[in-house]
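I keep these entries in the order in which I looked things up. I begin with a cavity and then turn to strands, charged pairs and backbone angles.

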Amino acid sequence: PGFHDPPQPTFLLQSADGGESWGDPILLGDRMNEGDVLMLSDTEWLFAARGLDEATYTCKTYDGGKSWQGLQQVTDDRQRGEARGEHPPDLTLLGDGSIPMLFGRRFPPCGVQGVLSFDRGESWSETRVSLTDDLPGDDTGYPSTARLDDGTLVTVYYSAGTSDDPHNMGEAKDAYCMSVRYSEAELLEAFRA
């Protein structure tokens with residue numbers, strides 16, 4: 001099937017021996033792709049993924065993936081001729097227990113934005129922060145964040161496209177990656193502003 005044709009199940013594989021062997025696949029979501037899982041405890045997991053409508057959705061499990069609940073749309077699914085939404089997600093657990101979810105914004109202004117959860121992914125802030133909002137193309141996003149021991153966050157994201165040719169799936173023009181380094185305190189302050 002094509003990229004937007006169902007079904008598109010997303011599975012999680014776990015290893016208890018450093019990757020020597022793997023357990024049975026756990027179905028995280030159907031009709032979703034490009035997902036991220038944040039393990040909040042052994043049994044409580046937060047899942048975020050790109051839906052077929054180009055929005056980002058979240059849901060949770062409290063039993064280690066046996067059942068999922070609380071499916072909610074978190075980002076926009078705006079369309080511009082072809083599907084251009086806000087995805088894919090990147091989840092990070094901060095020192096105070098809050099969770100930012102970063103994602104690519106694939107319609108003007110194109111960039112990387114984020115929302116914040118103070119309740120372990122049950123709800124998300126109306127306030128958004130922007131790591132960048134001036135990317136020339138709309139093939140953007142794929143953020144990946146690492147939390148360092150000192151509370152510093154490093155996010156890497158991708159961008160491709162030009163102002164004249166913002167999206168060409170056959171040929172990524174002017175593609176590059178950028179990294180942004182910032183503190184948890186700066187991020188939380190940006191959400192409070």
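**Cavities.** I looked up the lining of the second largest cavity and found Asp90, Thr92, Pro100, Leu102, Thr145, Leu153 and Tyr182. A cavity here is a set of points on a 1 Å grid over the protein atoms alone where a 1.4 Å probe fits but cannot get out, and lining residues have an atom within 4 Å of a point. This second largest cavity holds about 30 Å³ of space. I noted that the structure has two cavities of 30 Å³ or more. Grid points are joined across faces, edges and corners, and the volume is the space filled by probe spheres set on the points.

**Basis.** The model is predicted: local features need pLDDT of at least 70, side-chain atom pairs count only at pLDDT 80 or more, and totals for chains, interfaces and linings use all residues. Residues are numbered from 1 along each chain as its sequence is written, and side-chain values use heavy atoms, with hydrogens and water left out.

I followed Leu153 from the cavity lining to its place opposite Arg147, in strand E14. Strand E13 (residues 139–147) pairs with E14 (residues 152–160) in the antiparallel sense over seven bridges. Strands (E, at least two residues) and helices (H or I, at least four) are DSSP runs numbered from the N terminus, and two strands pair if DSSP finds at least two bridges between them. The hairpin of E13 and E14 has four residues between the strands, and Gly151 there takes a positive phi near 90 degrees. On to strand E15 (residues 176–183): eight bridges join it to E14, and the two run antiparallel. I found Thr152 opposite Ser183 in E15.

**The sheet of E9 to E12.** I read the strand order of an open sheet as E9-E10-E11-E12, four strands with antiparallel pairing. Strand E9 (86–91) and strand E12 (129–132) are the edge strands, each pairing on one side only. Neighbouring strands of this sheet are turned by 30 degrees against each other on average, direction ignored. Axes are lines fitted to C-alpha atoms, for helices over the stretch in contact, and angles run from 0 to 180 degrees between N-to-C directions. Strand E11 (residues 111–117) pairs with E12 over three antiparallel bridges, and Val112 has Thr132 in E12 as its bridge partner. Helix H1 (residues 184–192) lies across strand E10 (99–105), E11 and E12, at about 85 degrees to E11.

**Salt bridges.** I counted a salt bridge where a side-chain nitrogen of Lys or Arg is within 4 Å of a carboxyl oxygen of Asp or Glu. The count comes to ten. Which residues does Glu86 pair with? One is Arg105, with the closest N and O atoms 3.2 Å apart. Glu86 lies in strand E9 and Arg105 in strand E10, so this pair ties together parts 19 residues apart in sequence. The other is Arg128, at 2.7 Å from N to O. Arg128 is in the loop between E11 and E12, so its pair with Glu86 ties together parts 42 residues apart in sequence.

I then checked burial (buried is under 20% relative accessible area, exposed over 50%, partly exposed in between; 1.4 Å probe, protein chains only). Glu86 is buried at 0%, and Arg105 is buried at 12%. Arg128 is partly exposed at 30%.

I also looked up Lys60, which forms a salt bridge with Glu122 at 3.3 Å between the closest N and O atoms. Lys60 is in strand E5 (residues 56–61) and Glu122 in the loop between E11 and E12, 62 residues apart. Lys60 is buried at 4%, whereas Glu122 is partly exposed at 42%.

**Backbone angles.** I found a cis peptide bond between His87 and Pro88, with omega about -20 degrees; Pro88 is in strand E9. The bond from Pro108 to Pro109 is also cis, omega being near -10 degrees. Pro109 lies in the loop between E10 and E11.

Which way does phi of Glu34 go, positive or negative? The value is positive, near 50 degrees, in a residue other than glycine. Glu34 is in strand E3 (residues 32–39) and is partly exposed at 27%. Glu54, also not a glycine, has a positive phi of about 80 degrees. I placed Glu54 in the loop between strand E4 (45–51) and E5, where Glu54 is buried at 1%.

Methods. Contact = heavy atoms within 4.5 Å. 1 Å grid on protein atoms, 1.4 Å probe; cavity = no way out; pocket = protein on both sides within 12 Å on 5 of 7 lines; lining within 4 Å.
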